[in-house]
Amino acid sequence: MLSRLGLDAGRPAISDLMRLALARPDLISLAAGFVDQYSLPVHGADEAWRDIMDDAASARSALQYGTTQGDPVLRYALAQRLLAELPETAAIDPATIAERIIVTTGSQQLLYLLAEALVDPGDIVIAEAPTYFVFLDLLAARGARVIGVPIDEGGMCLAHLEALLERLTAEGEIDRVKMIYSVSEHSNPSGLSLAADRRGPLVELARKFGRNHPIYVLDDAAYRGLTFEGPEAPSLWSHDASGDLVIHARTFSKTLSPGVKIGYGVVPQELFPTVLALKGHHDFGSSNLMQRLILKMIESGQYDAQIERVKGVYASKASVVVETLEATLGDLKPAVHWTVPRGGLYVWFSLPEHVRTSRDGEFFAACLEEGVFYVPGEYCFPAAVESGQRDRNRMRLCYGVPPEPILKEGVERLARVVRRTLGA
Ligand SMILES: Cc1ncc(COP(=O)(O)O)c(C=O)c1O
């Protein structure tokens, strides 16, 4: 009955964790990658909504279909904002960037469209290990071979990446490499960003090894804008001066509201018509109304105010997690260790190698008994990892949803299980 794609769709690993959260409301979920409920921009969205609806002409046009590519005024505003992030912008006309922006239904849709546009079964995608597991599931369903490159504190290790690209060249496989995928800012799941001094060299490696066709760099910057303090390094995309290699994927889900479900991508010229055509097949345009809402919030300053607000909320939540881990498990370092986020929503937590954090393992069961759960780290590893393996001793902790006292309690519960497991 089912198509090939339907047969290979599988069941996303995360749906089991979502069911668990619903079935057991007593559990503290450090698993859900949702945003903070209480800082969602109710007032700002209400104001923007009224602004749109108060004027009959603007209301009608917002309630009508828009274009496949996305609202031109919004795209221009996004292009201006992207240019404002670049170190040198004087010579660039925002219109040339706006032309290559496609507004999508969340950045997830852009990831899907790119997989559709580029990846045939057996094609290779290179990704950080660990990486965003929802994209891994999607790529698996398309029959991609995902090869993981180990990370360190500075994100993807370029020496490993280069060795992998050299090996694939020697094996005659380099033409099957379609893209290098990086969750470049405060990654889901590791919480780490690609180091500023690796960004240019990563783009150069892609350029050097792409021979008969480009090896695209997919810069998934979902958490850009959410750096707690100080300026953000220029994006991976900003290192692609010719604009022909890096696809820059952004979303309003984390900085504004996932319920709005709007993202966008800047797409290289050569790829642009294909991605746009596929977007046409999907839905011939993301919600026009939601795009207007975002535009209003950008124009009124509500969007920037919201970013400042949530940055403060997440900075405070991150420090609750890190301080509680330090207080409860600090004496067990380095056998037990964790990343300290400088932005975003995640802490990547590692146990000694012999402890398995798998969904069907004893440690996960003990956590459920204690009343807490997490995303098992193994979900985040591609099937093949260059010079390494799928680690089974790690987990992703997300501090997005639980209020601070619950977060503290959740981490304390987790720490109790860790101490018992290690006999500490
Ligand atoms: C790294 C990363 N990319 C993309 C997405 C997709 O989000 P959305 O489709 O809501 O923009 C997410 C969501 O969690 C994410 O973590």
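1. By class, the shell around the ligand is made up of 6 polar, 4 nonpolar and 3 charged residues. It should be kept in mind throughout that this is a predicted model.

2. The ligand is surrounded by 13 residues, of which the closest are Asp220, Tyr223, Thr251, Ser253 and Lys261. Where secondary structure is concerned, helix α7 (residues 106-118) supplies the largest share of this shell, namely 3 residues.

3. On the side-chain side, an N or O atom of Thr251 is 2.6 Å from an oxygen atom of the ligand. Taken on its own, the ligand has 400 Å² of accessible area, and the protein covers 93% of that area.

4. A separate point concerns Thr324, which belongs to helix α13 (residues 302-329). Is this residue buried or exposed? Thr324 counts as buried because its relative accessibility is 5%, and the cut-off for that class is under 20%.

5. The surroundings of Thr324 can be described through its contacts. Its side chain reaches the backbone oxygen of Val320 at 2.5 Å, while, leaving aside residues up to four places away in sequence, Thr324 touches Lys408, Val411 and Glu412.

Methods:
Residues are numbered from 1 along each chain as its sequence is written. This is a predicted model: local features need pLDDT of at least 70, side-chain atom pairs count only at pLDDT 80 or more; totals for chains, interfaces and linings use all residues. Side-chain values use heavy atoms; hydrogens and water are left out. Helices (H or I, at least four residues) and strands (E, at least two) are DSSP runs, numbered from the N terminus. Buried means under 20% relative accessible area, exposed over 50%, partly exposed in between (1.4 Å probe, protein chains only). A polar contact is a pair of N or O atoms within 3.5 Å; within protein, one must be able to donate a hydrogen and the other to accept it, and residues adjacent in sequence count only if both atoms are side-chain atoms. Contact means heavy atoms within 4.5 Å. A residue is near a molecule or strand if one of its heavy atoms lies within 4 Å of it. Accessible areas come from the Shrake-Rupley method with a 1.4 Å probe; for residues, only the protein chains shown count as cover. Ala, Val, Leu, Ile, Met, Phe, Trp, Tyr, Cys and Pro count as nonpolar, Asp, Glu, Lys and Arg as charged, and the others, Gly among them, as polar.
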